[in-house]
Amino acid sequence: VTATIVDNEFYSGGSYPAYLAAVAQGWELGLYSDTTGYPVAGCFHQNRLVAVGPFHYFAGSRSGDPENFQQSDRDGVITASHALVFSLNSNDISNCKWVNPDERGLLIGTTSSEWVVKSASSTEAISPLSIDAKQTTTFGSSNVYPDKLAKSVLFCPPTSKIVQ
């Protein structure tokens with residue numbers, strides 16, 4: 001994307017004010033839009049708003065700030081409290097269908113598999129600096145939101161109405 005700042009009736013100086021230059025340099029296309037699609041499911045987990053989809057993406061807001069999905073400071077510094085975007089890496093392209101918070105981590109169902117997403121460290125929360133996603137089953141999931149029963153999660157596979 002190329003952006004051009006044009007002069008208007010309010011500004012006719014020879015060089016752009018610093019705040020306009022910062023806006024032009026700091027702009028980026030977000031994960032969600034009419035072009036790229038929107039989340040299909042969400043929940044709160046470890047003080048973050050979590051969204052899954054479109055496709056195989058997982059996103060978490062800044063810690064304690066559920067409306068803020070800024071992934072770094074203006075100078076590029078990333079801390080554990082920043083927002084994160086993560087791709088579920090699989091051998092096949094799967095669309096996310098649901099996300100469910102759990103004591104094991106975030107459980108995510110896609111059209112071809114189910115995942116547990118958690119921190120890579122047992123002493124830290126999920127963050128852009130510490131995240132681990134493991135495929136746990138290959139049943140595949142439908143859009144039917146799962147239900148918890150004791151320490152199990154019950155979900156419907158994509159081609160049936162039978163709960164697994």
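## A loop residue to start with

V77 sits in the loop that runs between strand 3 (57-60) and strand 4 (84-87). Bear in mind, as you look at it, that this is a predicted model. With a relative accessible area of 38%, V77 is partly exposed. Leaving aside residues up to four places away in sequence, V77 touches S72 and H82.

Four of them make an open sheet in the order 5-6-7-8, with antiparallel pairing. Strand 5 and strand 8 are at the edges and have a single partner strand each, so one side of each has no neighbour in the sheet. On average, and ignoring direction, neighbouring strands of this sheet are turned by 25° against each other.

If you follow strand 5 into the sheet, you meet strand 6 (residues 105-110), which runs antiparallel to strand 5 and is joined to it by six bridges. Within this pairing, C96 stands opposite T110 of strand 6. C96 is also buried, at a relative accessible area of 3%.

## The nonpolar cores

Nonpolar side chains tend to be buried together in soluble globular proteins. Here, the largest nonpolar core has 16 residues. Which residues have the most contacts inside this core? They are F58, V99, L106, I108 and V117. At least two residues of the core come from each of strand 1 (41-45), strand 2 (48-52), strand 5, strand 6 and strand 7 (114-118).

Not counting residues up to four places away in sequence, I108 touches V52, F58, L88, C96, W98, V99, S113, E114, W115 and V117.

## Aromatic pairs

A pair of aromatic rings is described by the distance of the centres and the angle of the planes. How many aromatic pairs does the structure hold? There are two. One is formed by W98 and F155: their rings are tilted, with 5.9 Å centre to centre and 40° between the planes. W98 belongs to strand 5 (residues 96-102), while F155 is in the segment after strand 10 (152-154), so this pair ties together parts 57 residues apart in sequence. Is W98 buried or exposed? It counts as buried, because its relative accessibility is 2%. F155 is buried as well, with a relative accessible area of 9%.

F155 also pairs with F139, again in a tilted arrangement, at 6.1 Å centre to centre and 55° between the planes. F139 is found in the loop between strand 8 (132-137) and strand 9 (147-149), and F155 in the segment after strand 10, so here the parts tied together are 16 residues apart in sequence. F139 counts as partly exposed, at 47% relative accessibility. Taken together, the ring pairs link W98, F139 and F155 into a cluster.

## A word on cysteines

For anyone planning to look at the cysteines, a search of the whole structure finds zero disulfides. C43 counts as buried because its relative accessibility is 10%, which is under 20%. C96, the residue opposite T110, is buried too, at 3%.

Technical notes: Residues are numbered from 1 along each chain as its sequence is written. This is a predicted model: local features need pLDDT of at least 70, side-chain atom pairs count only at pLDDT 80 or more; totals for chains, interfaces and linings use all residues. Side-chain values use heavy atoms; hydrogens and water are left out. Rings of Phe, Tyr and Trp (its six-membered ring) pair if their centres lie within 6.5 Å; planes under 30 degrees apart count as stacked, over 60 as edge-to-face and the rest as tilted. Helices (H or I, at least four residues) and strands (E, at least two) are DSSP runs, numbered from the N terminus. Buried means under 20% relative accessible area, exposed over 50%, partly exposed in between (1.4 Å probe, protein chains only). Two strands pair if DSSP finds at least two bridges between them. Axes are lines fitted to C-alpha atoms, for helices over the stretch in contact, and angles run from 0 to 180 degrees between N-to-C directions. A nonpolar core is a set of buried Ala, Val, Leu, Ile, Met, Phe, Trp, Tyr and Cys residues joined through side-chain atoms within 4.5 Å. Contact means heavy atoms within 4.5 Å. A disulfide is a pair of cysteine sulfur atoms within 2.5 Å.
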